[in-house]
Number of protein chains: 2
Amino acid sequence: MAKPVNKIAHPFDKTRLEALLNRRFFYAPAFEIYGGVAGLYDYGPPGSSLQSNIISEWRKHFIVEEGMLELDTTIMTPAPVFETSGHVARFADWMVKDLKTGEVLRADHLVKNVLEARLAGDKEARGLAAQPQKDEDKKKKRKDKAKPTAVQLPDEVVAEYENILAQLDNFSGPELGELCRKHKITNPDTDNEVSEPQQFNLMFASSIGPTGQHPGFLRPETAQGHFLNFSRLLDFNNGRVPFASAQIGRSFRNEISPRAGLLRVREFTMAEIEHYVDPEDKTHERFGEVRDVVLDLLDRNVQVAGSTQVTKMSVGEAVDKGVIANETLGYFLARIYLFLTKIGINPRRLRFRQHMSNEMAHYATDCWDAEIENSTGWTECVGCADRAAYDLTVHSNKTGHPLVVRQALKEPIVTEKEAPEFNKKVLGKTFGKDAGTIQNIVNGMDEAALLRLKGELLQGTATITSSDGREFTLTPDLLTIERKTFKQSIREFTPNVIEPSFGLGRILYSLLEHSFWSREDDVERGVLSLPAVVAPTKVLIVPLSAKEEFSPLIREVSSKLRQAGVFSRVDDSNTSIGRRYARNDELGTPYGLTIDFASIQNRTMTLRERDTTDQLIGSIDEVITTVTELINGSIDWAEACRRLPEYDGTQAV
Amino acid sequence: MAKPVNKIAHPFDKTRLEALLNRRFFYAPAFEIYGGVAGLYDYGPPGSSLQSNIISEWRKHFIVEEGMLELDTTIMTPAPVFETSGHVARFADWMVKDLKTGEVLRADHLVKNVLEARLAGDKEARGLAAQPQKDEDKKKKRKDKAKPTAVQLPDEVVAEYENILAQLDNFSGPELGELCRKHKITNPDTDNEVSEPQQFNLMFASSIGPTGQHPGFLRPETAQGHFLNFSRLLDFNNGRVPFASAQIGRSFRNEISPRAGLLRVREFTMAEIEHYVDPEDKTHERFGEVRDVVLDLLDRNVQVAGSTQVTKMSVGEAVDKGVIANETLGYFLARIYLFLTKIGINPRRLRFRQHMSNEMAHYATDCWDAEIENSTGWTECVGCADRAAYDLTVHSNKTGHPLVVRQALKEPIVTEKEAPEFNKKVLGKTFGKDAGTIQNIVNGMDEAALLRLKGELLQGTATITSSDGREFTLTPDLLTIERKTFKQSIREFTPNVIEPSFGLGRILYSLLEHSFWSREDDVERGVLSLPAVVAPTKVLIVPLSAKEEFSPLIREVSSKLRQAGVFSRVDDSNTSIGRRYARNDELGTPYGLTIDFASIQNRTMTLRERDTTDQLIGSIDEVITTVTELINGSIDWAEACRRLPEYDGTQAV
């Protein structure tokens with residue numbers, strides 16, 4: 001596909017983009033005619049098609065390419081699972097209440113919005129106005145942001161605010177409360193004081209079955225569904241690690257007061273990979289393929305020092321230097337980068353940020369977020385966490401079901417140790433029902449204790465004491481202790497889990513921002529330059545009119561495109577060809593085919609490219625072949641221009 | 001694909017199928033290591049792949065082929081939506097409680113199980129034993145069915161039971177209670193009496209947001225998400241009907257005591273179409289294409305008469321005779337038939353049953369179910385309901401948002417009628433604030449009343465009475481009434497909705513039953529003869545061993561297949577080629593490619609067909625082309641056998 005030529009003619013205008021997305025029904029507030037519910041959105045035809053194309057590309061890039069095992073597990077989950085996983089106790093955000101109105105706000109968002117507004121006011125007072133579109137943005141979202149007023153702050157206060165904002169995700173609830181008191185942060189909508197932060201669990205609760213006795217939660221992530229099936233997955237993979245399971249599905253988080261469109265929602269589609277790996281060997285077989293991929297990295301040390309300055313570094317170098325902990329983590333960060341840029345995310349607006357220690361989810365030992373910059377700032381769109389053995393261990397401990405890998409050792413491990421052997425008959429005769437107690441005591445002894453006992457027995461008698469204080473005297477006819485050789489040929493271990501987790505709605509929204517621009521000659525004419533691979537419709541067929549005479553050709557072209565695997569739509573609505581193309585530029589349709597009287601007479605068609613609006617002309621079959629190759633990515637627009645003559649407006653009229 | 005040759009060698013054995021599905025992780029009880037939860041299942045790799053292939057075929061067959069508008073709406077739904085739709089009041093099943101243990105049972109299932117068991121016992125007593133696999137089946141599901149005991153029943157009781165069972169879905173809750181009393185139906189597990197039937201709402205309840213003040217439900221169907229977006233969809237379709245929206249997504253029903261595997265679950269993926277049509281014109285443009293499709297029909301009159309005898313009839317004839325109400329309904333029944341048989345459902349075990357009047361959902365005016373026969377009997381897998389204008393009307397009335405089509409009339413409708421015209425100035429002066437009341441009274445009058453008033457005014461004065469009994473005297477200077485011509489150029493109407501609604505899990509399970517058989521020479525060797533179009537993996541690549549020397553060829557073949565759009569897997573596990581093929585017969589993989597030393601020396605491969613186990617041999621590229629065409633369905637196995645020589649076991653060794 002050709003690069004958009006005019007993309008920079010107008011500054012990005014969020015209001016126009018939002019109007020376009022609403023007008024063309026990419027998505028809309030769910031239950032809109034009932035007044036809507038915050039944080040719930042419905043995807044219309046272009047939005048759901050864009051989403052399903054992103055999913056389909058994700059499946060190819062990750063599942064098919066790497067032979068991952070796909071799963072589809074349930075959303076409704078009985079409470080004990082999330083009690084074990086730690087979500088019932090810890091999957092919560094801190095909220096504060098407006099002390100007069102009772103309005104509920106998320107504590108960290110409140111601190112962020114108020115401090116950012118004060119810094120903006122300070123800039124204004126110092127005569128350093130923010131960029132115009134940011135201002136406009138702020139006006140639109142007045143409810144969401146504290147209104148900036150032009151008040152200059154002392155330099156040290158500015159520095160303090162900036163430091164707080166750089167590590168905002170690192171504060172606990174009580175610390176956020178402390179910040180509110182110290183910096184007199186109130187509800188910006190009412191100026192009322194707010195309560196101490198309280199925890200609010202983000203899982204939606206329900207009840208399973210007719211008796212009301214089985215509490216359940218809607219999953220806040222798909223991950224537990226993978227972990228609970230680990231034994232079956234391992235078995236399916238013939239007992240070998242590493243391997244990965246993958247799942248695309250809906251999850252739910254009862255957000256406190258979502259106000260950021262698709263970026264913070266209560267119900268969302270996610271795509272998660274759980275890659276199971278030997279904790280002693282986190283190398284990756286295909287790491288060499290991504291070694292040279294260069295990423296923008298923002299590690300935790302830089303952030304704790306109050307900075308947000310990224311470092312450009314190849315994945316290979318980052319792993320070598322220990323910035324990224326291991327090859328497997330590095331491999332996935334690079335693969336995430338390749339996926340996001342393939343579907344159209346601007347690589348200059350994509351960075352990888354490491355979590356600070358207090359920020360990490362309770363199950364993670366290390367975590368990097370792929371953050372995409374959009375009009376609201378940098379947004380976490382993919383998390384890539386090392387969950388270590390946390391989940392498999394807690395579920396295994398709780399249920400008694402081993403979630404482990406058993407691996408035949410190439411070289412058996414040979415060890416020598418002291419081993420007691422009982423003469424059970426004599427022991428039973430001598431001690432009756434205490435014989436079992438005695439065996440348990442001896443079997444539970446460590447090497448040193450056994451050696452001591454062995455020595456005493458060699459002297460004639462030995463005395464041991466039970467946990468309830470009773471003493472037993474043992475003699476060599478009751479047991480012997482000897483040094484024996486043990487051969488271990490199986491190694492058993494709980495694998496570690498590296499988890500790339502994608503929030504598809506956030507990626508989709510950021511992609512729409514990155515793709516949107518207006519034509520140089522008319523700011524009203526918006527274009528979404530979506531790559532063909534994810535565009536909702538690949539080809540628009542535009543007959544000159546809805547007249548019957550064009551129908552056979554439309555059917556022929558549609559059917560040939562369908563056979564070539566290209567999804568097309570016909571627009572024969574009662575409006576000019578130009579307006580129809582403009583509408584489809586808004587829908588992101590990369591190519592258009594015009595069918596007119598020349599098509600009937602000469603069997604020619606014109607081929608239009610969305611971004612340049614250039615048109616070529618050729619025979620119907622030539623054009624179909626060319627557009628199919630354009631969409632498959634096997635040729636680009638420059639090559640198409642070499643193949644087919646430019647349409648100068650005369651050939652076909 | 002060749003037809004399975006040995007399919008009839010062994011009778012269907014459900015126990016073997018279930019063992020296979022469990023062993024190969026097609027699906028398993030969710031939260032199994034926590035003891036599981038009734039009615040919740042996870043799909044493993046082959047199951048989720050089978051499901052996503054069925055979905056992908058569904059998308060092609062319905063959405064792409066007919067240009068439907070796809071949607072993706074939220075599951076979590078605020079309570080007012082389901083209050084309006086009627087689900088809060090009426091989406092319920094009847095349950096009874098065991099009076100001693102408190103166990104909860106679904107009332108209609110209880111009646112069915114107990115009466116069927118008595119009829120089975122009667123048959124046994126009369127020496128008319130049921131078929132062997134059904135007996136075995138019953139043993140396995142002892143918990144689910146009442147245990148039959150060999151007691152002969154009087155002929156008239158047998159007739160009565162059969163009559164009840166034929167119209168079981170037609171009974172109300174109180175009627176089911178009456179049946180339990182009359183026929184002494186108790187809980188078969190305990191022999192205890194059961195309570196009167198009570199309604200239990202099947203929606204899972206939750207609460208949206210942190211305040212607990214916004215009750216919500218998980219949707220029990222995706223349909224409401226379509227209806228609430230009707231205006232936007234119509235707009236997207238340029239204001240024209242008919243058109244259809246389509247959605248594939250998760251829905252939830254808190255079933256009372258689900259025990260039937262994938263056939264009755266609490267969380268399931270459904271695919272729903274809402275086809276919006278002019279209520280005065282339910283013809284269908286493409287009806288001609290399906291006119292001659294012959295269906296097995298079971299209409300409501302036959303059932304109410306106590307029979308389950310189907311009639312074979314073409315869709316054209318059924319619509320002509322009024323058995324199927326209209327072309328659109330008939331069109332979809334035929335398209336459903338074509339879809340189900342394309343993915344592998346046995347057409348001889350597929351029938352279309354019309355709902356009886358009491359059985360219909362509260363929103364439906366007519367409904368046909370596509371029922372598929374499996375080991376549990378005939379199971380509803382697709383419902384095809386005419387919801388008329390019910391949903392759009394109730395939501396429109398509740399919200400005040402018009403959900404209507406406005407259509408320009410080709411010929412404007414011209415009508416003449418009496419029209420009052422007020423002299424508002426004089427009216428205001430004379431009557432003050434009662435002027436409005438007077439206008440409302442007169443504007444609300446029908447034609448006859450206006451004519452009467454006009455006559456009186458011509459006489460000089462007229463008296464009208466308000467609803468609260470006050471009288472007003474009118475004179476010709478206050479208003480005149482004249483006959484005027486009105487031209488209506490827009491017709492406004494609420495479209496009717498025809499809804500085909502697919503339960504994908506039920507279809508998937510029935511398909512697995514229809515596909516399963518055992519090899520003639522070894523009943524332990526199960527095969528799933530899934531059509532290539534839905535098979536989880538299309539091609540298995542089997543190298544002679546995991547040795548490094550085969551790797552370049554494996555990579556070449558995998559990559560060429562991937563380029564041809566064919567999903568393959570490699571099995572290089574440490575077991576014989578025969579065992580690896582047997583494992584993949586269980587997974588339903590239609591074709592296998594063997595790579596051995598001859599492949600390295602001569603660049604040849606063998607191609608194995610799953611059902612016949614026949615093997616052909618050819619050059620690597622020939623075999624790849626052939627297998628690709630086999631999978632695309634452009635050639636069949638007979639054609640492949642003409643192209644490539646049979647492998648006799650010598651060429652490649």
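I began at the end of helix 19 of chain A, which is followed by A:Gly565, a residue with a positive phi near 80°. Helices here are DSSP runs of H or I with at least four residues, strands are runs of E with at least two, and both are numbered from the N terminus.

Before going on I noted the ground rules. The model is predicted: local features need pLDDT of at least 70, side-chain atom pairs count only at pLDDT 80 or more, and totals for chains, interfaces and linings use all residues. Residues are numbered from 1 along each chain as its sequence is written, chains are lettered from A and ligands numbered from 1 in the order in which they are written, and side-chain values use heavy atoms, with hydrogens and water left out.

**Helix 19, chain A**

I checked the length of residues 551-563. At 1.5 Å a residue these 13 residues should span 18 Å, and the end C-alpha atoms are 18 Å apart, which agrees. The expected span is 1.5 Å times one less than the number of residues.

Next I looked up burial (buried is under 20% relative accessible area, exposed over 50%, partly exposed in between, with a 1.4 Å probe and protein chains only). The buried residues of helix 19 of chain A are A:Ser551, A:Leu553, A:Ile554, A:Val557, A:Ser558 and A:Leu561. Seen down the axis of the helix, they fall within an arc of 165°, so they line one face. The arc is taken from the directions from the helix axis to the C-beta atoms. An α-helix has 3.6 residues a turn, so residues three or four places apart point the same way. On the other side of helix 19 of chain A, A:Arg555 and A:Gln563 are exposed.

I then asked what the buried residues of helix 19 of chain A pack against. The list includes strand 24 (539-543), strand 26 (591-595) and helix 22 (620-632) of chain A. Contact means heavy atoms within 4.5 Å.

**Helix 5, chain A**

Helix 5 of chain A (residues 107-125) has 19 residues and reaches 27 Å from its first C-alpha to its last, close to the 27 Å expected. Among its buried residues are A:Leu110, A:Val114 and A:Ala117. Their cover includes strand 5 (92-97) and helix 7 (155-166) of chain A. Helix 5 of chain A is followed by A:Gly127, whose phi is positive, near 80°.

**The two chains**

The same surface serves both copies, since 100% of the contact residues of chain A recur in chain B.

**Cysteines**

B:Cys384 is buried, at 1% relative accessible area, whereas B:Cys641 is partly exposed at 33%.

**One loop residue, chain B**

B:Thr537 lies in the loop between strand 23 (522-528) and strand 24 (539-543) of chain B. Is B:Thr537 buried or exposed? At 10% relative accessibility, B:Thr537 counts as buried. Leaving out residues up to four places away in sequence, B:Thr537 touches residues including B:Phe567, B:Arg569 and B:Pro590.
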